Amino acid sequence: MDILPILSTLKRHKIAAGLIVIQIALTCAIVCNALFVITERLKLIQAPSGLADRELVVLRIEGLSRSQNPEAQTQADLAALRALPGVRAASLVSQLPFGRNSVAEGVGSTPDPRQQNINVGRYVASENWLPTLGLTLAEGRDFEPAEYADGAQVFKPGEEPKVPAVIINRALAERMFPGRSALGQPIYVYGAAPQIVVGVLEHLPSPNPGLADERERYTMVLPIRPTFRGGIYVLRASPDADRQAVLKAAAAALEQSSQGGKRLFRQQRLLEELRADYYRQDRFMVGLLLAVCAAMLVVTAFGIVGLASFWVQQRSRMIGTRRALGASRAQILRYFQTENFLLSSIGITLGMALAYGINLMLMTQYELPRLPLLYLPIGALLLWALGQLAVLGPARRAAALPPMLVMRGLN
């Protein structure tokens, strides 16, 4: 079909055509960036944690009265928890993924504090933490019993902490020792004494997944036993066990094991619930952006339908003349579809440039990654299809106009 008559007609309706082009451009820019943000959020929400999420029970407690022997109290707690029906393993850790707090340490390959510039999420854990959390070692081994120490002994006022071993995640191993194994290598966390890497975890997320800094990628575990006054008891339930019943029984067991000391339960949750709460705002953002995309597409579609219907009414004489001269219904239909395709193409071209500009702003303001070019053709195809579907109804009505009736009505 010759597009010159179409372009000539559009020149006579510059304002209406321009408004549709602007609307399509804005929709294209917003939809492309919204789809990108939605995809990134869904990747984060659905990313595997490396933990046995569906089997873990979490109890965060604080002692309200000072225990005479906190280390013995911790061991008594763990023994009581491990004896519960349906519990496969139990351990005490300082923090867990999907928490609201995050402890990090500077790590380096030399004892010089100025060179310890890799920000690493730090976990400390008591014995049996590896099978309890369900993590997988890519290399090396778990801590040996002699490598564990009580937190009160490690962090003495005025003394440099002495920790012989450390387990790091694969991302940190590749960062510090690219192209070679990290096993047996020294890293420096505390002072001049090195910590030797004895294991590399396949994956261990940070306490706050989704952070924009290094703590989101790099993590480590130290063999330091927390005390009951500020720790998190983690239980791994059997796959067929009722985790809510295990949680209730664990709380009762800890109360009985308290040796007369009062306790405050800060948290009694399943890890799945903690994860769901942690990503609640992200899920809300995904729903909101989906609603915005749907609203933009609906408004654009109605704009195209309204403009096309108006033009069909305004061009009745032209349509009747073309039909009288032998134009088929298919040719009339193609005319309006081609016209819409041209307007959509101009709007999409402008929208792609605008989408890139919006992404640059988001990169600066919110530290989002660069918009992949793949999203531009996806947005273009979506709007082209929307435009053709929206114009189809008015175009079919135009093609169905009887030529003699139109010409008679205009005389």
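Which elements each supply at least two residues of the lining of the second largest pocket? I looked this up first, and found β1 (56-63), β13 (263-270) and α8 (271-278). I take helices (H or I, at least four residues) and strands (E, at least two) as DSSP runs, numbered from the N terminus.

A note on my source: this is a predicted model, where local features need pLDDT of at least 70, side-chain atom pairs count only at pLDDT 80 or more, and totals for chains, interfaces and linings use all residues. Residues are numbered from 1 along each chain as its sequence is written, and side-chain values use heavy atoms, with hydrogens and water left out.

My pocket is an open set of points on a 1 Å grid over the protein atoms alone, where a 1.4 Å probe fits, with protein on both sides within 12 Å along at least five of seven lines; lining residues have an atom within 4 Å of a point. A volume is the space filled by probe spheres set on the points, which are joined across faces, edges and corners.

Back to the second largest pocket: I read about 360 Å³ for its space. Its lining has 23 residues, with Arg60, Gly99, Arg100, Asn101 and Ile232 closest to the centre. β1 gives the most, four residues.

Next I turned to the largest pocket, at about 860 Å³. I find 37 lining residues, and Glu40, Arg41, Leu44, Gly210 and Leu368 lie nearest the centre. Two or more residues come from each of α2 (14-46), α6 (170-176), α9 (280-314) and α11 (329-366). Here α2 gives the most, with eight residues.
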